[in-house]
Amino acid sequence: MDQALWEKCVAFHGHACPGLALGVRLCEFVRQQLGTDYAPDEELVCAAETDACPVDAVQAVLGCTVGKGNLLYRPTGKTAYSFYRRSTGESFRVVARRSQTPLSQEERIRQIMTAPLEELFTVTPVKAPMPETARIFKTLTCEVCGEGVAEHMARLQDGKVVCPDCFRPYDR
């Protein structure tokens, strides 16, 4: 990976760390596998199973973002990512291999940045079908707090439209 791209990721993330290095290499791997680069829209979709450091590289390098609708968070606590290429239907899941070797932060970054990609990642089939494209939802007004809430997140309670923060669940 070139130095300018690494520096772009560090600037986006805020600091250099092994997790960001892993994310940069993940992006290198995805670019090789799919022959794709930065996604200006939803051409490439990433479903991340973690909200940790590597996800920032996915945003900076591949252009997958929550706001555009092509970065989804599916919390499993695993350093795993499913990628989908809309134009071809190609998809695969990438899981980071864990290294048990004790290293300093600088040594770990260097190890990640120089290791062959096949030593860093395992590829498996995706566990979910390709996500639909992002939808734009009508905004409703919560009848309790008065704030706008996307229609698909609103709830009915006592005959009123309420946002998730004002909703009182009944779960006894």
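This is a predicted model: local features need pLDDT of at least 70, side-chain atom pairs count only at pLDDT 80 or more; totals for chains, interfaces and linings use all residues.
Student: How many helices and strands does the protein chain have?

Tutor: There are five helices and nine strands. Helices are DSSP runs of H or I with at least four residues, strands are runs of E with at least two, and both are numbered from the N terminus. Along the sequence the pattern reads α-α-β-α-β-β-β-α-α-β-β-β-β-β.

Student: Why is Val-149 called buried?

Tutor: Buried means under 20% relative accessible area, exposed means over 50%, and partly exposed lies in between, using a 1.4 Å probe and protein chains only. Val-149 has a relative accessible area of 8%, so it is buried. You will find Val-149 in strand β7 (residues 148–150). Across the protein chain, 37% of the 172 residues count as buried.

Student: And what makes Asp-158 exposed?

Tutor: Its relative accessible area is 65%, so Asp-158 counts as exposed. Asp-158 sits in the loop between β8 (155–157) and β9 (160–162). Its phi is near 55°, a positive value in a residue other than glycine.

Student: How do you know that α2 is largely enclosed by the rest of the structure?

Tutor: Twelve of its 17 residues are buried, so α2 is largely enclosed. Among them are Leu-20, Val-24, Phe-29 and Leu-34. After α2 comes Gly-35, with a positive phi near 60°.

Student: What makes a group of residues a nonpolar core?

Tutor: It is a set of buried Ala, Val, Leu, Ile, Met, Phe, Trp, Tyr and Cys residues joined through side-chain atoms within 4.5 Å. The largest one here has 36 residues, and Leu-62, Phe-83 and Phe-121 have the most contacts inside it. The largest share of this core, nine residues, comes from α2. Apart from this core lies another, of six residues, including Cys-142 and Val-149. In soluble globular proteins, nonpolar side chains tend to be buried together.

Student: Which residues does Val-149 touch, not counting residues up to four places away in sequence?

Tutor: Contact means heavy atoms within 4.5 Å. On that basis, Val-149 touches Lys-138, Thr-139, Leu-140, Cys-142, Ala-154, Cys-163 and Pro-164.

Student: What makes something a pocket?

Tutor: On a 1 Å grid over the protein atoms alone, a pocket is an open set of points with protein on both sides within 12 Å along at least five of seven lines, whereas a cavity is a set where a 1.4 Å probe fits but cannot get out. Lining residues have an atom within 4 Å of a point. The largest pocket has a volume of about 240 Å³. Grid points are joined across faces, edges and corners, and a volume is the space filled by probe spheres set on the points.

Student: Which helix gives the most to the lining of the largest pocket?

Tutor: That is α4, with three residues. Among the lining residues are Pro-18, Arg-97 and Ile-112.

Note on methods
Residues are numbered from 1 along each chain as its sequence is written. Side-chain values use heavy atoms; hydrogens and water are left out.
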